[in-house]
Amino acid sequence: MANNRGGFNLRRWLVLTLLVVLVLTLTKWPDVVNKFTAELPSLSAVTPKSISAEDILGQINTDRTENKMLAVKRNEKLDKAALARLRVIMTDDDFDGEKTGVTLANAAKNNGYSYSVIGDLYVENINGETKISDKILGDSRFRDVGIAIEQVGPGWNVMIILGRQASAAAEKTGAGGYPQVSWGGPELWEAVNKRRVELGVNPLSRRDELCTIASIRLNQLLELTKLDGHAGLEPLLNREDLKSIREKYTLSEFLIVGYPTPLEAVGAWEHTLGHRALLAGGEYVWGCVYAQNTFGVAIAAY
C-alpha cells in the first residue's frame with residue numbers, strides 16, 4: 001500500500017492557499033475602500049454656497065455707497081411685506097398679486113408701511129455666488145428695504161422691496177452728495193468697541209500714531225468725495241515722517257461711507273467680506289477711528 005504522508009498533499013495545499021488569499025483580502029480591504037472613496041467627487045464641491053438676507057443687504061449697500069448713494073436700512077414692516085409677496089408668488093404663481101390681492105401696494109399697506117415711493121425685485125434660484133443686479137437697487141430715492149428669502153432645492157428665491165416712507169424728511173447733503181449727519185469719529189469708535197466686546201474680543205486701545213493715519217486718510221477721502229479702495233494708504237505709509245509707524249505696527253484699514261448712524265455703519269462692516277475682522281478680530285490690540293459726513297476710517301493694529 002502506498003504511503004503519501006511525506007509527499008505532496010493537494011487538498012492541504014488548496015486549503016492553505018485559500019487561507020492566504022483570504023487573509024490578504026481582509027488586510028487590504030480598508031485600503032481598497034479608502035482608495036475608492038477618495039476618488040468619489042466631494043459633495044461639498046458641488047453644493048451651492050448659501051446666501052442670507054444680510055448677505056443681500058450687504059450687496060445692495062456696497063453698490064449704493066460706491067455710487068455715492070445713501071445705504072438703505074432693513075425695515076421690519078417691509079420685511080413682512082416682502083414675505084407676503086414671496087409666498088403668493090411661490091404658492092400661487094401670482095407675480096403681480098392681482099389673483100390673490102397681495103399686490104406690492106397692498107402688502108406694504110397691510111403691514112403698516114406708508115410710502116412716498118416703493119418698488120420690488122424678485123429673483124429666484126440664486127446662491128452665495130450670485131451677483132444681484134437691477135437698476136431699482138440703485139435708485140437714490142429709496143431709504144428702506146425689506147428682504148424675504150426661502151430655499152428651494154439647491155437655490156434660494158428672494159423678494160426685495162425698497163421704499164421711502166411718506167414722512168421721510170429730505171437730508172442735507174455734504175461731501176460727495178452724502179447726507180450730513182451729527183455723528184463723527186467718537187461715536188463710531190464707541191460703536192466699534194461695543195460690538196467687539198459683544199462678539200467676545202477685546203476692545204481696541206487708542207494710539208495717537210494710528211490716529212495720525214486715520215485723520216490724514218479721512219481728509220483724503222473727503223477731498224475725493226468717494227472711497228478710494230485703499231489706494232491712498234500705501235503711499236501714506238511710505239512717507240519719510242510716517243515710516244516708523246509702519247515699522248512699529250502691523251495695521252489694517254477699514255473704510256465706510258453713506259450710513260446714517262454709527263450702528264448701521266458697524267453693521268455694514270460686520271456683514272461685508274473682509275471687514276468683519278475689525279469687529280471680530282482678536283489679533284487687533286490698538287486702533288483709531290475718524291469720521292465725518294458718513295465717511296469713516298478705522299485703523300486697527302497689533
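Biologist: What is the handedness of the crossing where H6 passes H10?

Modeller: This is a predicted model in which local features need pLDDT of at least 70 and side-chain atom pairs count only at pLDDT 80 or more, while totals for chains, interfaces and linings use all residues. Residues are numbered from 1 along each chain as its sequence is written, and side-chain values use heavy atoms, with hydrogens and water left out. A crossing is left-handed if the near helix is turned anticlockwise from the far one by less than a right angle, and right-handed if clockwise. Where H6 passes H10, the crossing is right-handed.

Biologist: Which word describes the direction of H6 relative to H10?

Modeller: H6 (residues 185–198) and H10 (residues 262–270) have axes 9 Å apart and pack at an angle of about 50°. That angle makes H6 oblique to H10. Axes here are lines fitted to C-alpha atoms, for helices over the stretch in contact, and angles run from 0 to 180 degrees between N-to-C directions. Under 35 degrees counts as roughly parallel, over 145 as roughly antiparallel, 65 to 115 as roughly perpendicular, and the rest as oblique.

Biologist: How many nonpolar residues are there in the contact of H6 with H10?

Modeller: Contact means heavy atoms within 4.5 Å. From H6, Glu187, Leu188, Ala191, Val192 and Arg195 meet Pro262, Ala265, Val266, Trp269 and Glu270 of H10. Ala, Val, Leu, Ile, Met, Phe, Trp, Tyr, Cys and Pro count as nonpolar, Asp, Glu, Lys and Arg as charged, and the others, Gly among them, as polar. The contact of H6 with H10 therefore has three charged residues, no polar ones, and a nonpolar count of seven.

Biologist: How many of the nine residues of H10 are buried?

Modeller: Buried means under 20% relative accessible area, exposed over 50%, and partly exposed in between (1.4 Å probe, protein chains only). The buried residues of H10 are Pro262, Glu264, Ala265, Val266, Ala268, Trp269 and Glu270, and their cover includes S1, H6, S6, H11 and S8. H10 is largely enclosed by the rest of the structure, because the number of its nine residues that are buried is seven.

Biologist: What distance does H6 reach from its first C-alpha to its last?

Modeller: The expected span of a helix is 1.5 Å times one less than its number of residues. H6 has 14 residues, and 20 Å is expected. The reach of H6 in the model is close to that, at 20 Å.

Biologist: Which residue just after H6 takes a positive phi?

Modeller: Within H6, the buried residues are Gly185, Leu188, Trp189, Ala191, Val192, Asn193 and Arg196. Their cover includes S5 (205–206), H10, H11 (277–280), S7 (286–292) and S8 (295–301). Just after H6, a positive phi of about 85° is taken by glycine 200.

Biologist: Which residue just after H3 takes a positive phi?

Modeller: H3 (residues 53–66) has 14 residues that should span 20 Å, which agrees with the 20 Å between its end C-alpha atoms. Among its buried residues are Ile56, Leu57 and Ile60, and what covers the buried residues includes S1 (73–74), S3 (144–152) and S4 (155–165). Just after H3, a positive phi of about 60° belongs to lysine 68.

Biologist: Is threonine 294 buried or exposed?

Modeller: Most residues other than glycine have a negative phi. Threonine 294, in the loop between S7 and S8, has a positive phi near 75°. Its relative accessibility is 1%, so threonine 294 counts as buried.

Biologist: What is the C-alpha separation of threonine 250 and alanine 300?

Modeller: Threonine 250 lies in the loop between H9 (243–248) and S6 (251–256), and is partly exposed, with a relative accessible area of 41%. Apart from neighbours within four places in sequence, threonine 250 is in contact with Ala300, Ala301 and Tyr302. Threonine 250 and alanine 300 are 50 residues apart in sequence, and their C-alpha separation is 8.5 Å.

Biologist: How many strands are there in the protein chain?

Modeller: Helices (H or I, at least four residues) and strands (E, at least two) are DSSP runs, numbered from the N terminus. Buried residues make up 40% of the 302 residues in the protein chain. The chain has eleven helices, and its number of strands is eight.
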